[in-house]
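Take a look at it first, then read on.

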Amino acid sequence: MGMEQMTMPQLGESVTEGTISKWLVSVGDQVNKYDPIAEVMTDKVNAEVPSSFTGVIKELTAAEGDTLEVGQVICKVEVEGSPAKEPAAAEAPPEETAQAQESDDAQPNKKRYSPAVLRLAQDNGIDLEQVNGSGAGGRITRKDLQQLIDSGTAPKAGSQAASGKQPEPSVTEKEKSPAEASVQPKAQGTAQPVSAAPGDIEIPLTGIRKAIAANMLKSKHEAPHAWTMVEVDVTNLVEYRGSIKDEFKKKEGFNLTFFAFFVKAVSQALKEFPQMNSMWAGDKIIQKKDINISIAVATDDALFVPVIKQADEKTIKGIAREITQLAGKVRTGKLGAEDMKGGTFTVNNTGSFGSVQSMGIINYPQAAILQVESIVKRPVVMNNGMIAVRDMVNLCLSLDHRVLDGLVCGRFLARVKEILETISKENTSVY
């Protein structure tokens, strides 16, 4: 018999951490390889994690609600056929083990801090020695710390100067360069805690809402956002789609949406301006070969970004089908990790809820996001000086100014505008 460790898997190309939302097994359970053992939430997907081994669950090293970085150990499984491994604690000096025995017998996991707990404690100056954990074996969870911060009763690390001890930084903090450290958010504890008044409603944060918040904060802190907008006359597109949409729905069984035309136009322009299909990689820029369009699909309490792969190779009909299928998966909870991988550029249909102008936050680590706003009828001065009622739409582009400059973005938007304005029954096929 031997002990094997299971780690937090990477459930998406740009995913760096996941939150254990629910354990599906307990200590002592027999599991087979590929059996689901936990539900994990990231900013991109909610997925079941399969067991990597066949054996008996010996230890759950993470509690429900814990956020762990990819590669961190989440549980230990006793399997047959591999050499037994002594626990690391056995290697500690005898005097240290004896000293820790008294306090650790009752709470064996109290000092096993996850990177997320360490980071939150350091950001808010919390002395973890004075915190009682609610997790398995006294383990301190992010929820424990957040409750202390929200209530304003978090024990501060004031005694550390006298004892000469400093909290051990997490691996993430150790590896940060001075430049990276300078853009990190200031300690949350410096602001006055928000308290609920009578009649207020307190809404607990879900794992996916926390993950979305973390990813949006990372994008805003790391990517210098710039913004630009063009207005497009889509009168001919509106007339063309209106003339074929009923027949299309009857023949194909799904709707021919305006959004499919916009995604097709963007993917065509990306092929002509490949710089827009790039990502920031620290010491270099990576220009992606495949054009994979991420589309934003919202539920009542979360936002998902499934991906249309090789969108430039698909017809308008093919894109419309994928939009329908992916949105259906999101709303029925069937969206998988594979549906979220590989996105290179995001198109967001903000017009679906009536917006006419908005600035999107870039879907990190992509270089840009395009907001397609509402199509509205407006009086427009035509080239001949006459005023006519036209169908107009604003296209709003947020860009990472480390990767992209105004010139290429302006040319890209001008090309998208040109493609959309020349769509008509005579020169455009949806098939």
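Is the crossing of α9 and α10 left-handed or right-handed?

1. Before the answer, some ground rules: this is a predicted model, where local features need pLDDT of at least 70 and side-chain atom pairs count only at pLDDT 80 or more, while totals for chains, interfaces and linings use all residues. Residues are numbered from 1 along each chain as its sequence is written, and side-chain values use heavy atoms, leaving out hydrogens and water.

2. The α9/α10 crossing is right-handed. Helix α10 covers residues 316–331, and its axis lies 9 Å from that of α9, at an angle of about 120 degrees. On the α9 side the contact (heavy atoms within 4.5 Å) uses Phe259, Ala260, Phe261, Val263 and Lys264, and α10 brings Ile316, Ile319, Ala320 and Ile323. By class, that is eight nonpolar residues, no polar and one charged.

3. Helix α9 (residues 258–272) also meets α12 (residues 406–421): their axes come within 9 Å and cross at roughly 135 degrees. So α9 is oblique to α12, and this crossing is right-handed. Among the residues making the contact are Phe262 and Ala269 of α9, with Phe412 and Ile419 of α12.

4. Now the cysteines. Cys75 is buried (under 20% relative accessible area) because its relative accessibility is 0%, and Cys409 is buried at 1%. Searching the whole structure turns up zero disulfides (pairs of cysteine sulfur atoms within 2.5 Å).

Note on methods
Axes are lines fitted to C-alpha atoms, for helices over the stretch in contact, and angles run from 0 to 180 degrees between N-to-C directions. Helices (H or I, at least four residues) and strands (E, at least two) are DSSP runs, numbered from the N terminus. Angles under 35 degrees count as roughly parallel, over 145 as roughly antiparallel, 65 to 115 as roughly perpendicular and the rest as oblique. A crossing is left-handed if the near helix is turned anticlockwise from the far one by less than a right angle, and right-handed if clockwise. Buried means under 20% relative accessible area, exposed over 50%, partly exposed in between (1.4 Å probe, protein chains only). Ala, Val, Leu, Ile, Met, Phe, Trp, Tyr, Cys and Pro count as nonpolar, Asp, Glu, Lys and Arg as charged, and the others, Gly among them, as polar.
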